[in-house]
Number of protein chains: 2
Amino acid sequence: MEKIDNFKEYLAKISRYEQALSLIYWDLETYAPDKSVYYRSKALAELSEMRYNLFVSNKMAEFLAYFAQENILRDLNETDKALIKVADKEFEKIKKIPAKLVRNLAETTANANLAWKQAKENDDFSIFQPYLDEIIRLVKEEADSLGYEKNRYDALLDLYEPGLKTTEVSEIIAYLKENLILFLNKLLEEGKEPRDDFYKGNFDMNKQKELSLEALKFMNFDFSSGRLDTSVHPFTTKIGPRDVRITTKYSTEDLRYSLFSTIHECGHALYELNIPAVFFETPLDEGASMAIHESQSRFWENIIGRSLPFWNYFSTRIKLIFNSFKGLSSKDLYKGVNIVERSLLRTEADEVTYNFHIMLRFEIEEALINDKITTKELPLIWNDKMKEYLGIVPPNNSLGVLQDVHWSNGSFGYFPSYMLGNLYAAQLFSKLKQDIPSYSSDLEKGEATSIINWLKDNIHQYGKMVEPQELIYRVTGEKLNPKYFVDYITNKYTEIYNI
Amino acid sequence: MEKIDNFKEYLAKISRYEQALSLIYWDLETYAPDKSVYYRSKALAELSEMRYNLFVSNKMAEFLAYFAQENILRDLNETDKALIKVADKEFEKIKKIPAKLVRNLAETTANANLAWKQAKENDDFSIFQPYLDEIIRLVKEEADSLGYEKNRYDALLDLYEPGLKTTEVSEIIAYLKENLILFLNKLLEEGKEPRDDFYKGNFDMNKQKELSLEALKFMNFDFSSGRLDTSVHPFTTKIGPRDVRITTKYSTEDLRYSLFSTIHECGHALYELNIPAVFFETPLDEGASMAIHESQSRFWENIIGRSLPFWNYFSTRIKLIFNSFKGLSSKDLYKGVNIVERSLLRTEADEVTYNFHIMLRFEIEEALINDKITTKELPLIWNDKMKEYLGIVPPNNSLGVLQDVHWSNGSFGYFPSYMLGNLYAAQLFSKLKQDIPSYSSDLEKGEATSIINWLKDNIHQYGKMVEPQELIYRVTGEKLNPKYFVDYITNKYTEIYNI
């Protein structure tokens, strides 16, 4: 066996621990009985530590040192070269984090997740607060271990979008504010809000599921390599090769919630499912970054799922499931999924206001991580910022500071990925339209294959081989440019709101 | 920290690998997408090997050597003494099995399980046969590694019922044949078969589930520490502390199938759930043996679930769910769950014929393990033995040699546990009736707590502390005695069949 094959077998060993860990996480979010969490979190911690130890072992260091030799490296094929680079980068990163911290984070977040669920259910922030304090303490320790030049928060941003800096996020936010605040105000003051009453109400859960399955069928989701389940907060997880699971949530108040959650998560799933088999059980078997991942989910959810061509097709499907839609046109249904409003929940926010939800989270996270504020003040600060950015104040904490799962998972630094994902998606869309002139008529026929293949050829097939900025440059010929997003938004909503 | 606490922490570490493994197994049987199995089986193998390595490590050997010192051992409390004994026995046993074999078994059985499912679905034994060959090869290697005095099959029996010998099983079988064959013939020739047409048909699956939930409620099953799902073959698995999951299967032909599967599996679950918390994450946190385990499941399924007092209560519950039962008496419903017939499937067999299904499996396993027959001949041999023992021949292999999951899991030597379980259950029941004179009127009120507590006090609370034969002796005052079972059967069915 060649040395590179030995190395891949070693990486596969690590990947198998990751599979077990992913399954435990998935189970905790979907089916695990409540009382199991305490002990299961210890199992998570145990396996996380082992995964960590395998990754930062002397054996790993020896492999990487061997392949760092120029005369060895140059004989590898391009994929294997990328593999060495990505593994080395991961090695350098995680060996900075102490094993004890990895273990503590795994155990604490598993318990915190349950506390968060209870806090949200009971609208009682105090249930979650002590866990959040502990998580922030650990995440700060993580950031300090990883190191940073100017801002501790940079170390966390880098975990999800390599190289992204706090200052860059601030610049993007400034650009978006400059170009969208006035537009939003005009739209809400002068525009004509479409009808959406027909989407509201307590729709039968089995029929909601049927609708989600229709959307998944349209997106060619492969049930022999994945599943659809329900959870408090919809998510996608790759358990391992040929096993990507998504969840949704059936709302008792609005049909759109489950439909667009399902489409969003399936966008993530297609990315993972289209990574080539040669990457399986290696560090290349994942997306380029969280922002690129979100560009895929937001692309499907918004740019496709909330487009008129899609609804010219999907309106016939939805009418087969729900009689109440019979008298409505495709355009009615299309406009009804594009209501712009100052709303409470990020996951239910429209495309125009969505980034404002991210801005407040970004500011709060940056302040928490740099000890500018405490968790005690958090509900108040949240509500103040909601008022500032969105002009409304949550009536309770469940609909406010407790709405997102991320902090209970320790995922500080993740939220900006959603914003970048929106921007990347619009930039990719601009190129896709040039490359596939028939995209719109394909969609009207319920045919998503041309789009799926374009995404596969341009994004998915590279897995983690190519860095996010480089990937976007290769596909679109320029670096991240928020102009595409602003253009997309202003054109689309000027038409819908008739301003 | 005291040395014994260090040892327990080390055992907990091992237990956490077992939790991950149990979850992967459970997932493969319930929710895992088909194409995930190939890679998941590699993860299983990886973790199985690690679990094995931790168990037979030098560290484990050092702990056990330390506690083997008389002056150390004598100062431990009774529980800790038992823990050392059980851990030592397990250590001595599994260190005989080579690591490579453990890994091969885990990987092969995961793939074989999928092949078995496909073979069963398509009624095609040839899909499963090569996997079965490989499993038998590995299981023989396992038996040879473990060692035995007279019969290679003894080494496998010992895995499930410590100390049980092939000759003992043969003796029990001879006793049962002598005392039950004539009775069975008489019953089927001269007895009056009760009606059971009302249980047959395609009952609504959601209502079947409701009925299962009623039975679980009666048995005080705690859903905050467990779940009910569906699988091809009903089973119970303890994922870890406070997490015991059962499955059932909703038949489209017979209402009794799911109901009694659920009760059976819940019998297993109550055993595991009632083991005290001080045993958690140690080798004491399981049942005394598989036969004792089956005594619990068969006790609930048959001795309680198929008793008149239970149906005096449960008939009102079943009528609330299914209108079609309205005109039937408790006694009709009771008799209808006690039909004796020469049938094809072990899991659907009645109490009188059940052990005959075990006898043929015992003989086939013993012959396979000792190379007296080959898997190629298996379908034919199965059918011949069915004719000999039960007087009928399966119309296809799905209803014949492919019916059970056990061989695909590598569980050779398990089947006799069911038979012993039946015998233990009857022996325990005889004692329970003396200890709880009110048991029958309690049941009629839907009150199972007195029985649950009796089982907890006499069996469950000991976990694996006490060896099976010793446990039965302590509770009933004598060793395993098949007479109780024969008496129970002949009394019950003489009355039902009016002979």
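Student: At what angle do the axes of helix α1 and helix α2 of chain A cross?
Tutor: This is a predicted model. In it, the axes of α1 (residues 3-30) and α2 (residues 37-55) of chain A cross at roughly 160° and come within 9 Å.

Student: Why is α1(A) called roughly antiparallel to α2(A)?
Tutor: Angles over 145 degrees count as roughly antiparallel. The crossing is at roughly 160°, so α1(A) is roughly antiparallel to α2(A). The crossing is also left-handed.

Student: Which residues make the contact?
Tutor: Among them are A:Ile14, A:Leu21 and A:Ile24 of α1(A), with A:Leu44, A:Leu47 and A:Leu54 of α2(A). The residues of this contact divide into 13 nonpolar, one polar and four charged.

Student: What makes β2 of chain A mostly covered?
Tutor: A residue counts as buried if 20 or more other C-beta atoms lie within 10 Å of its own. Four of the five residues of β2(A), residues 236-240, are buried, so the strand is described as mostly covered.

Student: How do you know that β2(A) pairs with β3(A)?
Tutor: Pairing needs at least two bridges. Four bridges join β2(A) to β3(A), residues 243-248, and the strands run antiparallel. A:Lys238 stands opposite A:Val244. In their hairpin, with two residues between the strands, A:Arg242 takes a positive phi near 60°.

Student: What makes β1 and β2 edge strands in the sheet of chain B?
Tutor: The open sheet has the order β1-β3-β2, with mixed pairing. Each of β1(B) and β2(B) pairs on one side only. Five bridges join β1(B) to β3(B), and these run parallel.

Key: Residues numbered from 1 in each chain as written. Chains lettered and ligands numbered in written order. Predicted model: local features only at pLDDT ≥ 70, side-chain atom pairs only at ≥ 80, totals over all residues. Buried ≥ 20, exposed ≤ 12 C-beta atoms within 10 Å, placed from the backbone. Axes fitted to C-alpha atoms, helices over the stretch in contact; angles between N-to-C directions. Parallel < 35°, antiparallel > 145°, perpendicular 65-115°, else oblique. Left-handed = near helix turned anticlockwise from the far one by under 90°. Contact = placed C-beta atoms within 7 Å. Nonpolar A, V, L, I, M, F, W, Y, C, P; charged D, E, K, R; others polar.
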